[in-house]
Amino acid sequence: MTKILCVHSFRGGTGKSNLSANLATALAMTGRRVAVVDTDLASPGVHVLFQFTPGPDDATLNDHLQGSAPIEACCHEVTPDEVKRKGGHIFLLPASMDSDRIARLLREGYSVEALNDAIFEIAELKDLDAVIVDTHPGINEETLLTTAISDCLVMVMRPDSQDYLGTAVALEVAQRLEVPNARLVVNKLPRHFDAEQVRNRVQQSYGIPLGAVLPLSDELLDLASGGLALLEVGDHPWSKGVEALAQQLIDDIL
Amino acid sequence: MTSFDTTPWPRTVLSMGLLVSLDPPALRRLLKAGLRRGLPPEDLDDLLRSDWQIEPDSPDATALIHALQERGWLLWHQETQRWKTHFG
Ligand SMILES: Nc1ncnc2c1ncn2[C@@H]1O[C@H](COP(=O)(O)OP(=O)(O)OP(=O)(O)O)[C@@H](O)[C@H]1O
Ligand SMILES: [Mg+2]
């Protein structure tokens with residue numbers, strides 16, 4: 001049965017898209033079949049990490065949610081060669097980067113029921129082990145839905161006071177929705193921060209398992225979302241941390 | 001006398017924002033169970049027994065399902081033979 005992993009944060013720029021893409025890569029490196037769904041329809045971005053640009057003829061999630069494109073047509077294989085060699089597959093369901101389409105989506109909206117159905121339809125069609133949902137930050141109809149349907153909610157935060165408060169709000173909602181599993185990921189930990197102290201604070205604050213503490217990294221800044229850290233700087237502590245998180249999710253959820 | 005009161009439940013279309021605010025928790029759980037691939041009838045029966053303490057064929061169960069159907073929150077899908085939570 002396909003597992004749904006929802007990568008979310010209360011505030012923007014925490015590293016959700018980078019984590020989603022690299023987590024997908026780590027899972028696919030073990031031979032699994034994984035899809036990444038860009039539900040950040042207002043400001044899509046995860047396609048960039050796979051160096052995928054939807055062309056004029058490429059259907060996007062928008063064409064399914066607000067049109068008649070079958071979901072399979074919106075699903076693009078983006079498996080890097082290194083992952084192919086390990087027998088894994090990564091599929092991407094990108095959101096449209098066309099400003100008119102984004103405006104139309106905001107103007108007309110769509111039913112989140114269609115998003116729910118799309119995720120489970122593609123899971124079946126592609127025989128997926130996992131669907132990773134990259135989200136828009138904060139609480140809205142989409143993030144409430146993707147939280148509600150997730151087998152595991154991966155909450156990303158920076159060690160920042162606004163993030164601490166916001167994460168508590170998002171987790172309160174997740175609790176009302178009785179999400180079966182959640183993991184906290186602290187990203188962008190500055191070098192001079194005491195990781196142990198952050199670990200303790202986070203665990204005491206939220207009472208949910210800590211999935212990873214990932215460093216603020218010059219290498220990631222240099223990469224500037226232009227590629228997958230896991231493949232470009234595989235030995236970096238950030239990449240190792242994501243790999244360990246993937247293994248944790250494999251052991252506990254998948 | 002039913003063990004639950006459906007009268008305070010709003011008569012508006014369902015959204016996730018509404019779902020998350022609904023009480024009792026068993027109502028949220030039922031509507032959540034109708035997400036994903038939907039809820040096969042036998043799973044709904046189990047849920048009614050375990051979460052609502054009502055027998056699937058009882059008048060209470062009929063009243064509950066009717067309250068949800070009437071609001072358009074939970075619909076029966078002939079094609080998949082499942083109950084599905086419906087928005088909008
Ligand atoms: N650990 C890190 N160290 C340094 N830079 C990072 C790290 N993680 C992410 N970044 C950078 O932070 C920026 C935001 O990352 P990303 O787009 O993944 O976040 P996001 O949570 O998806 O943002 P949004 O909320 O806008 O969707 C990017 O420029 C990315 O390269
Ligand atoms: Mg993002």
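I began with helix 1 (residues 16-28) and helix 12 (residues 237-252) of chain A, which pack at an angle of about 65 degrees with their axes 9 Å apart; helices here are DSSP runs of H or I with at least four residues, numbered from the N terminus, and axes are lines fitted to C-alpha atoms over the stretch in contact, with angles running from 0 to 180 degrees between N-to-C directions. I note that this is a predicted model, in which local features need pLDDT of at least 70 and side-chain atom pairs count only at pLDDT 80 or more, while totals for chains, interfaces and linings use all residues. Residues are numbered from 1 along each chain as its sequence is written, chains are lettered from A and ligands numbered from 1 in the order in which they are written, and side-chain values use heavy atoms, with hydrogens and water left out.

I then looked up the crossing of helix 1 with helix 12 of chain A, and it is right-handed, meaning that the near helix is turned clockwise from the far one by less than a right angle. In contact (heavy atoms within 4.5 Å) are, among others, A:Leu19, A:Leu23 and A:Leu27 of helix 1 and A:Trp238, A:Val242 and A:Leu249 of helix 12. I sorted this contact by class and found 10 nonpolar, 2 polar and 1 charged residues, where Ala, Val, Leu, Ile, Met, Phe, Trp, Tyr, Cys and Pro count as nonpolar, Asp, Glu, Lys and Arg as charged, and the others, Gly among them, as polar.

Next I turned to chain B, where helix 2 (residues 25-33) and helix 3 (residues 41-52) pack at about 165 degrees with their axes 11 Å apart. Helix 2 and helix 3 of chain B are therefore roughly antiparallel to each other, a label used for angles over 145 degrees. Their contact is made by B:Ala26, B:Leu27, B:Arg29, B:Leu30 and B:Ala33 of helix 2 and by B:Leu44, B:Leu47, B:Asp51 and B:Trp52 of helix 3, and by class I read 7 nonpolar, no polar and 2 charged residues.

In the loop between helix 1 (16-21) and helix 2 of chain B I found B:Pro24, which is joined to B:Asp23 by a cis peptide bond with omega of about 5 degrees.

For the two chains together, I noted that 24 residues of chain A are in contact with 19 residues of chain B. The area buried between them is about 1800 Å², of which carbon and sulfur atoms give 49%; buried area is the accessible area (1.4 Å probe) that two parts lose on being put together, summed over both. Across this interface the rule finds 4 salt bridges, each a side-chain nitrogen of Lys or Arg within 4 Å of a carboxyl oxygen of Asp or Glu. I also looked up the salt bridge of B:Arg36 with A:Asp151, whose closest N and O atoms are 3.4 Å apart.

Terms used. Helices (H or I, at least four residues) and strands (E, at least two) are DSSP runs, numbered from the N terminus. Angles under 35 degrees count as roughly parallel, over 145 as roughly antiparallel, 65 to 115 as roughly perpendicular and the rest as oblique.
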